[in-house]
Amino acid sequence: MANDISQILDGKATARTIRARLKAEIESLQPQMGRPPGLAVLLVGDDPASAIYVKNKQKACERIGIESFGRLFPASTEQAELEEVIAALNEDERVDGILVQLPLPKHLDAVALLHRIDPQKDVDGLHATNLGKLVRSETGLRSCTPEGVMALLKEYNIEISGKNAVVVGRSILVGKPMALMLLEANATVTIAHSRSQNLSEITRSADILVSAVGRPQMITAEWVKPGAVVIDVGINRIPSNEGKGKLVGDVDFESVKPICSAITPVPGGIGPMTVALLLQNTVWSYRQKIA
Ligand SMILES: Nc1nc(=O)c2c([nH]1)NC[C@@H]1CN(c3ccc(C(=O)N[C@@H](CCC(=O)O)C(=O)O)cc3)C=[N+]21
């Protein structure tokens with residue numbers, strides 16, 4: 001079943017297309033809005049994955065004309081201080097989107113904090129109001145990573161309706177909303193996770209396999225149905241002999257690529273799509289303010 005024609009789903013290029021469309025949209029809306037869109041990112045502590053994300057995000061904002069209100073807090077910051085900061089950002093008319101980088105230091109109550117964000121500014125789609133809208137298939141702000149996956153599948157005209165989709169991972173940020181979006185697109189959806197029995201048997205039943213577990217190169221060729229579409233959401237930094245560390249996904253790309261019909265690389269796959277959809281959510285929130 002090995003082939004040389006598996007398609008690389010180019011998230012970097014697709015993200016570029018999305019950013020170009022958003023840039024033009026911002027230019028056309030700005031005269032009536034009288035200000036650019038604004039995005040506030042709160043980073044607490046020094047988690048390296050989050051730091052990469054914040055850096056990429058700020059660059060991406062600048063390039064398309066979104067004003068960035070990034071704020072860095074020491075790991076010891078108290079819940080009450082962060083809640084006050086969020087309250088102020090909710091009132092700030094220059095700010096259309098608020099994102100609290102996860103994970104947060106353990107002494108903080110992440111859910112309580114996320115629920116302080118005005119749902120209209122919740123560009124991560126993590127407020128219960130937005131999660132509830134997703135469950136109902138209503139319009140609302142939705143989690144950027146699964147939205148990025150759906151946008152990439154659409155870009156490459158990959159059929160979802162009627163297919164068996166398996167999502168590995170059940171987080172509130174990726175796995176659960178991913179499963180709901182695939183279901184909305186009429187896939188038959190299975191959510192697998194660390195407690196699933198016969199995990200590789202389940203993943204092998206997938207026409208569309210989405211992995212969001214954060215285990216480097218866990219998914220090898222034996223776990224994948226020949227001809228499947230493989231979406232790798234994992235962003236794992238592993239040691240490399242060049243010193244800096246190497247970014248790999250949850251999927252063993254070299255072994256899986258020859259047997260699947262399409263696959264996302266890491267880097268250059270879902271990572272850049274996540275950032276692009278964050279910008280899109282911010283612009284969507286901005287546009288909602290036009291009376
Ligand atoms: N509230 C919240 N929402 C998030 O969406 C969120 C978060 N917290 N915390 C941290 C994780 C991590 N994450 C990444 C997104 C893009 C890249 C990305 O752009 N990666 C590039 C490579 C970057 C590099 O070269 O190092 C790529 O895959 O091509 C990485 C990591 C979002 N996260």
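Contact here means heavy atoms within 4.5 Å, and on that criterion threonine 14, leaving aside its neighbours within four places in sequence, is in contact with Leu152, Glu155, Tyr156 and Met273. The model is predicted, so that local features need pLDDT of at least 70 and side-chain atom pairs count only at pLDDT 80 or more, while totals for chains, interfaces and linings use all residues. Residues are numbered from 1 along each chain as its sequence is written, and side-chain values use heavy atoms, with hydrogens and water left out.

Threonine 14 lies in helix α1 (residues 11-33), where helices (H or I, at least four residues) and strands (E, at least two) are DSSP runs numbered from the N terminus. Threonine 14 is buried, with a relative accessible area of 4%, buried meaning under 20% relative accessible area with a 1.4 Å probe and protein chains only.

Lysine 121 lies in the loop between α4 (110-114) and α5 (128-135). Lysine 121 is also buried, yet it has no salt bridge, a term that requires a side-chain nitrogen of Lys or Arg within 4 Å of a carboxyl oxygen of Asp or Glu; the nearest side chain of opposite charge, aspartate 118, is 5.6 Å away. Not counting residues up to four places away in sequence, lysine 121 touches residues including Glu91, Asp92, Asp96 and Ser285.

Turning to the strands, β6 (residues 164-168) and β7 (residues 188-192) pair in the parallel sense over 5 bridges, pairing being assigned if DSSP finds at least two bridges between two strands. Valine 167 stands opposite isoleucine 191 in β7.

Terms used: Buried < 20%, exposed > 50% of the residue type's maximum accessible area, 1.4 Å probe, protein only. Lys, Arg positive; Asp, Glu negative; His and termini not counted.
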